[in-house]
Amino acid sequence: MKAVTVESIPHYINGEKVEGKSNRYGAVYSPSTGQKIATVAYATKEEVDETVRLAKKAQIEWAKTSVGKRVQVLHKFRQLLVEHTEEMAQLIGKENGKTISDAKGEISRGIESVDLAIGAPHLIKGEHSVNVGGDINSYSMKQPLGVVTCISPFNFPVMVPLAMSTMAVAVGNAMILKPSEKVPCSALFISELWEKAGLPSGVWNVVNGDKDTVDAIITHPDIEAISFVGSTKVAEIIYETGTKHHKRVNAFGGGKNHMVIMPDADIDKAVDSFIGAAYGAASQRCMAISVAMPVGEKTARVFTEKLKAKVENLKVGTYDDEHADFGAVISAEAKQSILQSIDDAVKEGANILVDGRNPEVENNEGFYLGPTLLDHVTPEMNMYKEEVFGPARIIVNVDTIEEAIHLINDHQYGNGVTVFTNSGSHARKFTQEIEVGMVGVNVPIPIPVGYHNFGGWKGSRYGEGQMFGPDTARFFTKTKTVSERWFDLDDKDSETNFDFPS
Ligand code: NAD
């Protein structure tokens, strides 16, 4: 095995790379090789306090900069993201394990949120009404909040930080990003691009760390808003603690996304769609399809047979293997937890159709799991109830569309869902009645494009305000309404009115 050089990942504060002072470090692994590739410094409360102080100072000047000038920095940033796509994709692959082609897809979706933020001048335009009464004009303006934070997960090292933060910066806030400690290299790379793009020092900062660092951030009195993406368990804590400390919070959690296959669906198209949406990125996507729900016995039989044949042929491999359909999972612990879920489901009576527990991979020191498919899974099993963030997917059979809707609506998560059908009336019923935030009709992963709002329901999101889309501009600004009157200097009449104007 080739020895790797382990680098130390610093924070990025006030335009500089800053070595951590805590003497607390995390290990960063390459999932493809299982080797430690870096250590990352965990920030202390004092380091967080200092970052907030510097960001607060920088934000005042940044907010005074015209929105047009701010957006010019974003134009340059976008260009740099495009120019450095190859380098970034390699970095994502190395620290996250996803394939290079998938990493490039993630970067291009991230760039979409920069495109949206370039439209900030339009999105933060206020409203103006003339002569609302007694020569009074009324207008509103959207102002930045101040210092805001984003806390991001491991599964999209570039796309999620960009989706969460670019609009925040564009509308005049200073940002403190706390990336996942498992993928800190990409966040540092993004920081370098912001610097090259000419963003003033202190407007963009990255503090690395774990729970202790997050606690210092979300309770800090000068942090105005928190945008969190990660597991539901943590989303709940962030929402409760953040709002208790009077912050605006949106916290996006996990999912258990179903694909309902109606008897009138094109089964081959449904199978092909399921494969990519369910196993891509080793199923480590919050919008990955994890449950296939064929309606009726015949649909189940045909769908399962065709699906099994395709799943058996999927290939897991290193992030730079051009023939791999997906890569390793993020860590040895994640692999262990997925294996446990599969074993438990089998003990409870599930039938393992494709068993990926011992995949053959050239570099088997990595955190690999092969494609796994189980049927005879029932709604009572943990495998159905909980999010399983890895390539073990399940089939749950139902008899009617009503039963499918009922089960999905009863589920604790409500991130994404899709129905495959050729019937307009089935599609209409499904989209109307389903209790899920993002719904597809013959679209396997219904992630809205950058200029539409993104967000789940139920346990998949706490708080208001969505990610991507115009809602991001609303989340990161506050509205001020001004009522304004100018007196005619020749008019000497004056009166006092005690009544509420009718
Ligand atoms: P995670 O919840 O373990 O970590 C997310 C962030 O929270 C990280 O920055 C981590 O350092 C921090 N954190 C972890 N434990 C904490 C604690 N106890 N207190 C405070 N902070 C803590 O999530 P993950 O494993 O990195 O990411 C995978 C999860 O994210 C999955 O559940 C996935 O569905 C979800 N996700 C959701 C969306 C969405 O848009 N809804 C998008 C991507 C990922």
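L373 stands opposite R393 in strand 17. Strand 17 covers residues 392-395 and runs parallel to strand 16, with three bridges joining the two. This is a predicted model. The chain has 502 residues, and 52% of them are buried. Its secondary structure comes to 16 helices and 23 strands.

**Nonpolar core**
- The largest nonpolar core contains 153 residues.
- M175, I261, F274 and V377 have the most contacts inside this core.
- Helix 6, residues 159-170, supplies the largest share of the core, with nine residues.
- In soluble globular proteins, nonpolar side chains tend to be buried together.

**Contacts of V377**
- Sequence neighbours within four places are left aside here.
- V377 is in contact with A345, A350, M383 and Y384, among others.
- I394, I395 and V396 are also in contact with V377.

**Overall dimensions and contacts**
- The C-alpha trace spans about 90 × 60 × 40 Å along its principal axes.
- The chain has a radius of gyration of 25 Å, which agrees with a compact globule because 502 residues would give a value near 23 Å.
- Of the contacts with a separation of 6 or more, 71% link residues 24 or more positions apart.

Conventions:
Residues are numbered from 1 along each chain as its sequence is written. This is a predicted model: local features need pLDDT of at least 70, side-chain atom pairs count only at pLDDT 80 or more; totals for chains, interfaces and linings use all residues. Two strands pair if DSSP finds at least two bridges between them. Helices (H or I, at least four residues) and strands (E, at least two) are DSSP runs, numbered from the N terminus. A nonpolar core is a set of buried Ala, Val, Leu, Ile, Met, Phe, Trp, Tyr and Cys residues joined through C-beta atoms within 7 Å. A residue is buried if 20 or more other C-beta atoms lie within 10 Å of its own, exposed if 12 or fewer, and partly exposed in between; C-beta atoms are placed from the backbone. Two residues are in contact if their C-beta atoms, placed from the backbone, lie within 7 Å. The radius of gyration is taken over C-alpha atoms; the globule rule is 2.2 Å times the number of residues to the power 0.38.
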